[in-house]
Amino acid sequence: MFMNKKSLKQVDKQIAKEITNETNRQQNNIELIASENYVSLAVLEAQGSVLTNKYAEGYPHKRYYGGCEFVDNIESLAISRLCKIFKCKYANVQPHSGSSANLAVYKALVNPGDTVLGMSLDAGGHLSHGFRSSFSGKEYHAVFYGTDKNGYLDYNEIRKIAKQTKPKMIIAGASAYSRTINFKKFREIADEVGAYLFVDMAHIAGLIAVGLHPSPFPYADVVSSTTHKTLRGPRGGIILTNREDIIKKINSSVFPGSQGGPLMHIIAAKAVCFYEALQPEFKIYQKQILKNIQTMVKEFKRLGYQIVSGGSDNHLFTLIITPIGLNGLEAETLLHQHGITLNKNAVPHDPLPLFKASGLRIGSAAMTTRGFKEKEFKLTAQYIDYIFKNRNNKNKLKMIDKKIQTLLKKFPLPY
């Protein structure tokens with residue numbers, strides 16, 4: 001027998017060490033990156049299962065390999081649960097990531113060179129919504145809408161841009177937009193110019209799942225999402241639609257158009273996360289996400305900070321950091337040194353380059369999973385402010401480090 005029965009630590013000490021290091025980092029940091037979360041033990045178990053051994057090119061009951069009867073059941077369950085969550089007719093659960101899902105949508109609905117209208121990166125859009133370095137900006141004619149002076153979407157301005165540019169597809173959705181998106185108005189604009197409406201709900205999928213943000217259905221022609229943000233599943237992507245003609249194009253665009261064999265262990269983990277999202281406690285969790293972010297917004301404003309759009313309707317907000325003499329990169333680096341992890345982020349009409357940026361994106365999903373409530377999020381805002389104001393005082397920083405670690409020990413990870 002050539003099968004190695006040794007543990008990871010016995011086989012590869014270096015990788016085992018780095019995984020241990022990462023586990024410790026997650027345990028010992030306040031995680032505020034809006035696109036990250038902690039999965040359940042059940043999701044981890046499914047993701048690390050023997051399903052990683054199985055090739056299953058194609059779709060349930062129409063595979064290019066034999067021995068797929070059990071993975072067919074798993075993928076079918078994932079699809080049915082996902083459609084139940086979002087009250088739609090069709091879904092594809094095979095995309096390896098959100099960007100992979102978006103790539104499949106582009107390939108299915110528009111041709112290279114076609115005009116696509118999406119949110120600009122500095123206003124809160126995503127790389128795959130037309131950014132010049134992404135496939136979406138290289139292969140398609142990308143045009144953009146932004147936000148008004150108050151940081152809100154201006155639907156009249158979006159309509160004006162759409163009429164001027166005549167896009168074949170309009171993208172609604174964002175990576176760092178903290179306000180409610182009116183999908184009905186996007187539908188009206190898309191109809192006026194004869195465009196597909198594509199909604200990327202990656203960040204707000206968990207909120208939509210329980211009715212705490214308006215659903216893109218019935219307005220969108222097609223919807224994509226990741227499964228690892230507010231949906232709290234494994235790293236991966238999904239695509240949903242109510243249109244039979246579109247799901248046929250999407251399925252062909254995913255396989256064989258842009259992917260080969262699906263990752264069946266990830267699809268199983270997605271199915272588990274969808275099951276969890278259908279449970280009553282998932283709505284309680286999403287409600288707490290909103291309470292926590294509102295608490296943090298209120299505390300930062302009390303402390304004198306500016307926030308893009310003045311607040312948040314979802315799980316994130318962008319803190320404007322330059323008034324205190326730091327750019328986003330400097331602030332991100334400083335906080336990481338003291339056990340708080342978040343990311344630099346552009347603000348609307350940002351004068352700084354993308355990799356420095358003028359803001360910090362802050363999210364509440366991950367630490368809500370660990371058990372933080374309003375009290376802890378208020379404390380976290382105060383700790384961030386304290387670190388900024390005392391960044392040159394080593395003794396005071398050592399004191400706050402101890403407080404952060406004491407707080408985190410009350411909310412241990414289960415793995």
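**Exercise 1.** Determine whether Arg 302 is buried or exposed, and describe its pairing with Glu 299.

*Solution.* Step 1: Arg 302 has a relative accessibility of 56%. Buried means under 20% relative accessible area, exposed over 50%, and partly exposed in between, with a 1.4 Å probe and protein chains only. Arg 302 therefore counts as exposed.

Step 1: Glu 299, at 4%, is buried.

Step 2: The two residues form a salt bridge, their closest N and O atoms being 2.6 Å apart. Such a bridge is a side-chain nitrogen of Lys or Arg within 4 Å of a carboxyl oxygen of Asp or Glu.

Step 3: Both residues lie in helix H12 (residues 280-302), 3 residues apart, about one turn of the helix. Helices (H or I, at least four residues) and strands (E, at least two) are DSSP runs, numbered from the N terminus.

The model is predicted: local features need pLDDT of at least 70, side-chain atom pairs count only at pLDDT 80 or more, and totals for chains, interfaces and linings use all residues. Residues are numbered from 1 along each chain as its sequence is written, and side-chain values use heavy atoms, leaving out hydrogens and water.

**Exercise 2.** Which parts of the chain does the pair of Asp 221 and Arg 187 tie together?

*Solution.* Step 1: The salt bridge between Asp 221 and Arg 187 has its closest N and O atoms 3.0 Å apart.

Step 1: Asp 221 lies in the loop between helix H9 (205-209) and strand S9 (222-226), and Arg 187 in helix H8 (residues 183-193), so the pair ties together parts that are 34 residues apart in sequence.

Step 2: Both Asp 221 and Arg 187 are buried.

**Exercise 3.** Describe the second largest pocket and its lining.

*Solution.* Step 1: The space in this pocket is about 240 Å³. On a 1 Å grid over the protein atoms alone, a pocket is an open set of points where a 1.4 Å probe fits, with protein on both sides within 12 Å along at least five of seven lines; lining residues have an atom within 4 Å of a point. Grid points are joined across faces, edges and corners, and a volume is the space filled by probe spheres set on the points.

Step 1: Among the lining residues are Tyr 59, Lys 62, Lys 248 and Phe 255.

Step 2: Strand S2 (58-59) and helix H10 (244-258) each give two or more residues to this lining, and H10 gives the most, with 5 residues.
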